[in-house]
Amino acid sequence: MGPTHLLNREVVGGGALQLKLVVVSGPDFGKELDLEDGVYRIGKTPDSDLVLTDPAVSREHLFAHVLRAAVRFKDNRSRNGSFCKGMRFEVLEVRPGGVIRIGRTDLMVASAAEPTPLRPSEQTHFGALVGDSLAMRQSFALLERAADGGADVLLQGETGTGKDLAAEALHERGPRVDGPFVVCDLGAMAPTLIESELFGHVRGAFTGAVGERAGAFEQANGGTIFLDEVGDLPLELQPRLLRALERRQVKRVGGDRYGTVDVRVVAATHKNLDEEVAAGRFRQDLYHRLSMVTAWLPPLRDRLEDLPILIDTILKRLGVASKRDRFLTSETQLLLRTYDWPGNVRELRNVIERAVKLGTEPTLPANAADRAAASTTKNTADLPFKEAKERLVSSFERDYVADLMNRCENNVSMAAREAGIARVYLHRLLQKHGLTKR
């Protein structure tokens with residue numbers, strides 16, 4: 001069935017992008033809809049342009065209006081709402097690569113030539129890593145496959161995203177789980193000591209070498225070696241690492257023979273190795289050898305919908321899961337959602353742990369408000385003013401009302417009095433944001 005031509009196509013010179021809508025998560029994974037001119041209907045009704053079987057999707061859930069280089073989605077007063085990065089929206093313009101969620105289904109706007117992404121994992125954790133967002137579950141799917149296959153893996157992501165936890169989980173879920181797991185943090189070592197740490201040394205190899213010592217590769221024999229911050233490896237040592245990876249052979253500093261090792265190599269870096277190679281700071285052949293399987297861990301600012309599950313997990317590990325509401329007032333939730341989290345999950349963990357120990361609500365750095373404002377401006381600056389304002393107000397409303405109803409034990413009258421608003425208006429907000437009484 002073709003699109004409903006309710007609106008004219010927006011064309012601003014040149015040819016329009018060839019777009020498609022892809023179901024990247026949910027019961028209808030892999031289903032695609034080519035997007036041309038006009039407005040498309042998405043929902044459960046058989047005459048929808050994109051028919052979904054997800055029971056949490058409304059019959060006519062939303063409309064997709066194709067623009068020149070994006071798609072404008074409009075929620076059609078759906079029962080469960082439409083969301084982007086955990087925030088509910090009424091109207092939202094999405095460019096290629098963007099994802100929205102309706103019910104339990106994630107829809108991606110993609111170029112027509114782009115292949116269907118990897119089916120996301122059904123799990124919300126991989127080892128100690130947790131997340132319910134599409135980005136994390138796609139990472140989990142790749143890590144699960146890599147763990148079972150036993151291949152070498154390169155983990156990329158900003159500091160604090162959990163690359164060390166991913167490496168440990170790869171070992172624990174892989175075929176070498178009964179062998180050693182040896183961590184070699186290249187970023188924390190003095191450059192003069194890295195060679196000895198990796199490959200060991202013989203007695204008298206240098207001043208202070210009073211005996212023989214096995215390096216990390218030998219110590220990890222039969223298991224996994226984790227090369228953390230491999231992007232910091234000095235250029236002059238990279239050929240030796242390349243030989244160890246290709247031939248699984250190492251020679252101790254000062255030694256005269258190579259020994260064979262049987263190890264799995266997991267490497268990690270916060271640096272962009274493509275840029276490092278282009279700048280001549282990292283060997284291209286070593287990069288290609290390390291990146292046989294590459295997994296990317298997204299920053300927290302790109303998966304803010306994971307904040308609830310992350311906070312719950314942190315509180316459970318601290319043994320105070322029952323006190324969740326004490327640390328998450330509506331004001332704090334709004335601040336946590338708009339903060340840019342430069343330290344990622346590690347920073348979130350520190351914030352929550354500090355609040356638990358002090359018995360207070362979570363507090364962010366003194367300049368957090370400015371950074372949050374900057375982050376919010378960055379995330380909405382490319383939207384029309386009205387749409388950006390509606391998006392922020394809608395997010396605040398939902399967080400505020402959710403916390404208000406929780407504090408008032410879902411008593412609408414009590415909540416309305418505490419908030420200083422009319423009961424009928426509170427009912428309207430509850431219906432708007434899908435916060436039905438439980």
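## A walk through the nonpolar cores

Let's start at Leu-198, which touches Cys-184, Leu-186, Gly-215, Ala-216, Phe-217, Leu-227 and Leu-233, leaving out residues up to four places away in sequence; touching, or contact, means heavy atoms within 4.5 Å. This is a predicted model, where local features need pLDDT of at least 70, side-chain atom pairs count only at pLDDT 80 or more, and totals for chains, interfaces and linings use all residues. Residues are numbered from 1 along each chain as its sequence is written, and side-chain values use heavy atoms, with hydrogens and water left out.

Leu-198 is also one of the residues that touch the most other members of the largest nonpolar core, which has 30 residues. Such a core is a set of buried Ala, Val, Leu, Ile, Met, Phe, Trp, Tyr and Cys residues joined through side-chain atoms within 4.5 Å, where buried means under 20% relative accessible area (1.4 Å probe, protein chains only). Among the elements that each supply at least two residues are β15 (181-185), α3 (191-199) and α5 (238-247); α5 gives the largest share, 4 residues. Helices (H or I, at least four residues) and strands (E, at least two) are DSSP runs, numbered from the N terminus. A second, separate core of 23 residues includes Val-57, Ala-64, Val-71 and Leu-92.

Now look at Ile-194, in helix α3. Ile-194 counts as buried because its relative accessibility is 1%. Beyond its neighbours within four places in sequence, Ile-194 contacts Leu-186, Met-189, Leu-233, Pro-234 and Leu-237.

Finally, the cysteines: Cys-184 is buried at 2% relative accessible area, and Cys-84 is buried at 11%. The whole structure has 0 disulfides, a disulfide being a pair of cysteine sulfur atoms within 2.5 Å.

Conventions:
Buried means under 20% relative accessible area, exposed over 50%, partly exposed in between (1.4 Å probe, protein chains only).
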